[in-house]
Amino acid sequence: MNDMNDMININDVKFDEKGLVPAIVIDDDTGEVLTLAYMNRESLEISLEKKLTCFWSRSRQELWLKGETSGNFQHIRAIKADCDRDALLVYVKPDGAACHLGNYSCFEDFILKPEKESHEKFTICGLMELIKTRKSEKVEGSYTSYLFEKGLDKILKKIGEESSEVIIAAKNSKQETIYELSDLIYHMLVLMADQGIEIKDLILELASRHVIDKKVKQEKMV
């Protein structure tokens with residue numbers, strides 16, 4: 001992301017002959033593309049003012065504030081323009097489904113499928129959302145639901161056990177360490193969900209430490 005002083009102005013956005021610019025909406029937490037819509041100057045101005053996505057409906061020929069009728073608002077965190085400034089990336093925190101069919105994303109149907117399954121779709125944020133679902137909607141036979149049912153003491157006991165196993169594994173092999181670290185991270189996410197801690201909370205905390213560390217280094221140089 002550019003420095004605040006390097007941000008472009010809305011006047012720099014190049015709208016097409018119909019006064020529109022394509023806006024690709026992305027879930028800021030997962031990185032998944034949610035939808036492709038179009039903005040005119042007025043809808044972009046509204047989006048910037050309200051920090052909610054507002055589009056121009058080409059079929060209805062009218063402004064369209066996403067979520068106004070469905071409740072599935074998209075809270076804008078950032079907007080980027082491409083190098084030609086004739087297309088936008090809109091990073092959002094969605095309240096619900098992006099697609100009018102009720103799907104999380106409008107992009108669900110493959111024209112070409114990957115030859116084999118990959119781990120590219122897996123994200124820590126996605127795993128966290130699944131864990132939180134297991135807390136609110138108990139699933140019979142689910143280990144995650146079992147941990148929530150047993151409560152905080154059980155979760156903390158597992159974190160203690162997994163931490164010890166990481167230490168032992170680190171003395172043995174890299175692959176064993178990866179395996180045990182994965183167990184530990186999973187149980188840490190369960191603890192976070194139990195305590196209402198979001199991944200972004202950790203990111204903000206780590207980022208604040210990074211800023212402090214940079215300031216300390218600068219002071220030492222002086």
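**Pocket, core and helix**

Tutor: Let's begin at a pocket. Strand S2 (33-39), strand S3 (54-57) and strand S4 (62-65) each give at least two residues to the lining of the second largest pocket. Keep in mind that this is a predicted model.

Student: How many residues line the second largest pocket, and which lie nearest its centre?
Tutor: The lining has 24 residues. Nearest the centre are Arg60, Trp64, Lys66, Ala98 and His100.

Student: And what volume does the second largest pocket have?
Tutor: About 520 Å³.

Student: Back to the strands. Where does methionine 39 lie?
Tutor: In strand S2.

Student: Is methionine 39 buried or exposed?
Tutor: Buried. Its relative accessibility is 0%. Buried means under 20%, so methionine 39 counts as buried.

Student: What does methionine 39 touch?
Tutor: Leaving out residues up to four places away in sequence, its contacts include Phe15, Leu20, Val21, Phe55, Trp56, Leu88 and Val90. Ala23 is also among them.

Student: How far apart are methionine 39 and alanine 23?
Tutor: They are 16 residues apart in sequence. In space, they are 6.6 Å apart, C-alpha to C-alpha.

Student: New topic: the whole chain. How many helices and strands does the protein chain have?
Tutor: There are 6 helices and 6 strands. Along the sequence, the pattern reads β-β-α-β-β-β-β-α-α-α-α-α.

Student: What share of the residues is buried?
Tutor: 29% of the 222 residues count as buried.

Student: And the surface of the protein chain, what does that come to?
Tutor: The accessible surface is about 15700 Å². Carbon and sulfur atoms account for 54% of that.

Student: Let's do a helix. How many residues does H5 have?
Tutor: Helix H5 covers residues 174-195, which is 22 residues. From first C-alpha to last, H5 reaches 31 Å. That is close to the 32 Å expected at 1.5 Å a residue.

Student: What happens at the start of H5?
Tutor: Look at serine 173. One of its side-chain oxygens comes to within 3.1 Å of the backbone nitrogen of glutamate 176.

Student: And which residue follows H5?
Tutor: Glycine 196. The phi of glycine 196 is positive, near 75 degrees.

Student: Last one. Which residues of H5 are buried?
Tutor: Among them are Thr177, Glu180, Leu184, Tyr186 and His187. Further along H5, Leu189, Val190, Met192 and Ala193 are buried too.

Technical notes: Residues numbered from 1 in each chain as written. Predicted model: local features only at pLDDT ≥ 70, side-chain atom pairs only at ≥ 80, totals over all residues. Heavy atoms only, no water. Helix = DSSP H or I, 4+ residues; strand = E, 2+ residues; numbered from the N terminus. Expected span 1.5 Å × (residues − 1). Buried < 20%, exposed > 50% of the residue type's maximum accessible area, 1.4 Å probe, protein only. Polar contact = N/O pair within 3.5 Å; in protein donor to acceptor, adjacent residues only side chain to side chain. Areas by Shrake-Rupley, 256 points an atom, 1.4 Å probe, with all protein chains shown as cover. 1 Å grid on protein atoms, 1.4 Å probe; cavity = no way out; pocket = protein on both sides within 12 Å on 5 of 7 lines; lining within 4 Å. Points joined across faces, edges and corners; volume = space filled by probe spheres on them. Contact = heavy atoms within 4.5 Å.
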